[in-house]
Amino acid sequence: AASDVYKRQDIDKAGWSFDNTYAKLPNDFLVKQAPIPVKSPELIILNKSLSKNLNLDFTNIKEESLSQLFSGNLLPAGSNSIAQAYAGHQFGHFTMLGDGRAVLMGEHVSKNGDRHDIQFKGSGKTPFSRSGDGRAALGPMLREYIISEAMHELGVPTTRSLAVVKTGENVIRETHLPGAILTRIAASHIRVGTFQYIAATQKEQNLKVLFDYVINRHYPNIKNSKNQALDLLKTIMNVQINLVIDWMRIGFIHGVMNTDNVSICGETIDYGPCAFMDAYNPDTVFSSIDQQARYSFSNQPKIIKWNLARFAECIITLIDDNKDKAIEIATEAINSFEKIYEEKWLNMMRDKLGLFGEDINDQILIMELLTWMHKNKVDYTNTFCFLMNEKFYDNEIYKDANFLIWKEKWEDRLKLNNNSQEKYLKLMHSVNPIIIPRNHKVEEALTAANNGDLEVMNKLLAVLKKPYESQNSIIDFQSPAPSSDKAYQTFCGT
């Protein structure tokens with residue numbers, strides 16, 4: 001229709017610059033797939049600051065055109081939409097998968113040369129959908145928008161959210177829910193599960209294609225390495241350790257750390273049943289489907305090591321021609337995980353407590369605090385706020401005798417290494433958020449949005465933009481959820 005031509009011209013004004021390298025890979029990696037059109041798309045939210053980072057300008061584009069764009073009804077010139085193939089160990093069980101409710105619109109290259117995948121999530125059936133409808137509900141898509149943007153502001157590597165549109169159609173889950181599509185931005189959507197999928201096809205030439213593609217796109221610094229495969233394993237292990245350390249720092253629980261949700265480039269991906277811990281408990285699980293607590297808060301390091309071992313298995317043939325030798329080399333690399341993780345975790349916790357240098361008793365000091373918090377069900381985030389003299393709701397628990405004894409030990413430790421109050425508070429403020437996306441506040445925002453009120457969500461997003469800063473009138477956002485007999489649960493949304 002003539003109106004569609006006009007809208008497409010309108011869409012192209014944004015400044016897209018596509019260079020779709022993944023779409024040129026062999027057929028085993030993907031299928032060509034357009035988003036399935038929706039009836040009456042309506043733009044709910046557009047991320048203006050992210051648009052600017054991507055050198056995309058939507059200011060002069062009509063909202064109707066934007067709704068058509070971010071629903072996938074009309075695609076910009078140069079895009080090339082595909083569904084990617086991958087596999088996954090889902091709760092430990094191996095499954096061949098793929099984009100069952102997502103399509104990659106293309107790779108947009110910003111002016112500084114950074115490449116970004118532009119993906120629609122909830123865009124309809126693909127050949128990988130199995131028995132699913134390929135759609136998504138508004139609540140889970142807005143949850144991903146809120147949490148992924150909060151994670152970005154918290155300084156945690158993450159995929160990001162560019163837009164959410166309502167589709168004008170309902171999806172059927174336990175009830176009828178308003179349908180929605182999220183536009184997700186990632187450095188790429190290549191996962192450990194992508195390597196598992198290609199390895200499972202037993203086409204060695206395709207494994208080398210994927211391997212070379214990942215090095216060229218994400219890790220060109222190891223191109224001249226003597227053993228590229230070993231160095232890629234070590235590099236990916238390092239970025240994943242850093243990512244999980246960040247999760248532990250802020251009390252984040254991913255909830256579904258399957259190998260298909262482990263990004264090769266070290267970004268947090270997939271915000272299904274994720275949540276943030278209030279009272280410190282290492283065994284915290286929120287996901288309704290995680291019956292065995294496989295992905296609990298304290299299990300996250302163990303699981304990422306397990307997932308990395310699955311990645312190592314995929315590239316064994318590239319590590320050394322001698323299989324036994326390759327297994328020995330890979331095993332040695334994976335077995336170095338604990339030492340690297342423990343050292344980084346200890347340094348992260350030192351930062352949270354404002355400690356400079358090292359002291360033989362640091363680990364004991366840290367564990368004593370965590371044990372006290374666990375035993376007394378004390379809020380994780382707010383305990384560090386209290387130690388930074390940040391005001392929040394009054395809590396008698398910090399007058400507890402055992403805590404005061406611990407606090408004296410901590411204050412003695414602070415005096416080492418020429419530390420000053422200004423110095424240690426600056427360090428603490430750089431790593432301890434004052435604000436996190438409290439689960440009950442996220443639920444409030446989603447409930448209001450489902451009822452057509454976006455004001456609650458927009459207010460929450462505004463507060464989450466400055467998580468390390470003292471802000472006026474934020475007590476309500478700092479308080480843990482009111483006590484309840486009912487445990488908080490999160491759901492996948494699929």
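The largest cavity in this predicted model is lined by Gln240, Leu243, Trp247, His254, Met257, Asn261, Val262, Ser263, Glu267, Thr268, Ile269 and Ile304. It holds about 50 Å³ of space.

**The cavity**
- A search of the whole structure turns up one cavity of 30 Å³ or more.
- Helix α7, which covers residues 228-250, gives the largest share of the lining, with three residues.
- Sorted by class, the lining comprises six nonpolar residues, five polar ones and one charged one.

**Asn299 and its surroundings**
- Asn299 sits in the loop that links β11 (275-276) to α8 (300-314).
- Leaving aside residues up to four places away in sequence, Asn299 touches Ala293 and Arg294.
- Gly98 is 201 residues from Asn299 along the chain, and 26 Å separates their C-alpha atoms.

**The chain overall**
- The chain contains 18 helices and eleven strands.
- Its C-alpha trace spans about 75 × 60 × 45 Å along the principal axes.
- Among contacts with a separation of 6 or more, 72% join residues 24 or more positions apart.

**Burial and surface**
- Of the 494 residues, 56% count as buried.

Notes:
Residues numbered from 1 in each chain as written. Predicted model: local features only at pLDDT ≥ 70, side-chain atom pairs only at ≥ 80, totals over all residues. Heavy atoms only, no water. 1 Å grid on protein atoms, 1.4 Å probe; cavity = no way out; pocket = protein on both sides within 12 Å on 5 of 7 lines; lining within 4 Å. Points joined across faces, edges and corners; volume = space filled by probe spheres on them. Helix = DSSP H or I, 4+ residues; strand = E, 2+ residues; numbered from the N terminus. Nonpolar A, V, L, I, M, F, W, Y, C, P; charged D, E, K, R; others polar. Contact = heavy atoms within 4.5 Å. Buried < 20%, exposed > 50% of the residue type's maximum accessible area, 1.4 Å probe, protein only.
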